[in-house]
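Reader: Please take a close look at the aromatic rings of this structure. Which rings pair, and how are they placed?

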Amino acid sequence: MSGTTSTAVAQTAPQGETQHHPIRLYLVVWGWLFILSTCSYLVDYFGLVGYLRWSLILIFMMAKAGLIVAVFMHMAWERLALAYAILLPPLALLVFVGIMVFELHYTLFSRLAFFAPGS
């Protein structure tokens, strides 16, 4: 019984042979990266300001980073545990930055309320 199982495994995965992704996939991703970079530069070219400008820049940046990580770092084909090992730490940092923003507003409000001149 074990002889047939090992023979079946040997037939499906020949030694020395690796899986290659089609070149079309990389060309499509390069095209999308070019389009997203162009859009990012157009945000400055058109002179957008304020939250709209920074929101668009961050959206384009995250889209480009996601494409690079998924395709060129082969994370789209990796195990879930490895993906969590690479993706969870930056997400945790973003959560901690959000917590610090709330702390910043609380501290600023406290200083303005208690240390403002004339209060």
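Author: Relative accessible area is classed here as buried under 20%, exposed over 50% and partly exposed in between (1.4 Å probe, protein chains only). The model is predicted, so that local features need pLDDT of at least 70 and side-chain atom pairs count only at pLDDT 80 or more, while totals for chains, interfaces and linings use all residues. Residues are numbered from 1 along each chain as its sequence is written, and side-chain values use heavy atoms, with hydrogens and water left out.

Trp-30 and Phe-72 form a stacked pair, because their ring centres are 6.1 Å apart and their planes stand at 20°. This pair links distant parts of the chain, 42 residues apart: Trp-30 belongs to helix H2 (residues 23-45) and Phe-72 to helix H3 (residues 50-72). Helices here are DSSP runs (H or I, at least four residues), numbered from the N terminus. Trp-30 is partly exposed at 46% relative accessible area, and Phe-72 is partly exposed at 28%.

Tyr-45 and Phe-46 make an edge-to-face pair, since their centres are 5.6 Å apart and their planes at 70°. Tyr-45 is exposed, at 67%, and Phe-46 is likewise exposed, at 60%.

Ring pairs also join Tyr-26 to Trp-30 and Phe-72 in a cluster.

Notes:
Rings of Phe, Tyr and Trp (its six-membered ring) pair if their centres lie within 6.5 Å; planes under 30 degrees apart count as stacked, over 60 as edge-to-face and the rest as tilted. Helices (H or I, at least four residues) and strands (E, at least two) are DSSP runs, numbered from the N terminus.
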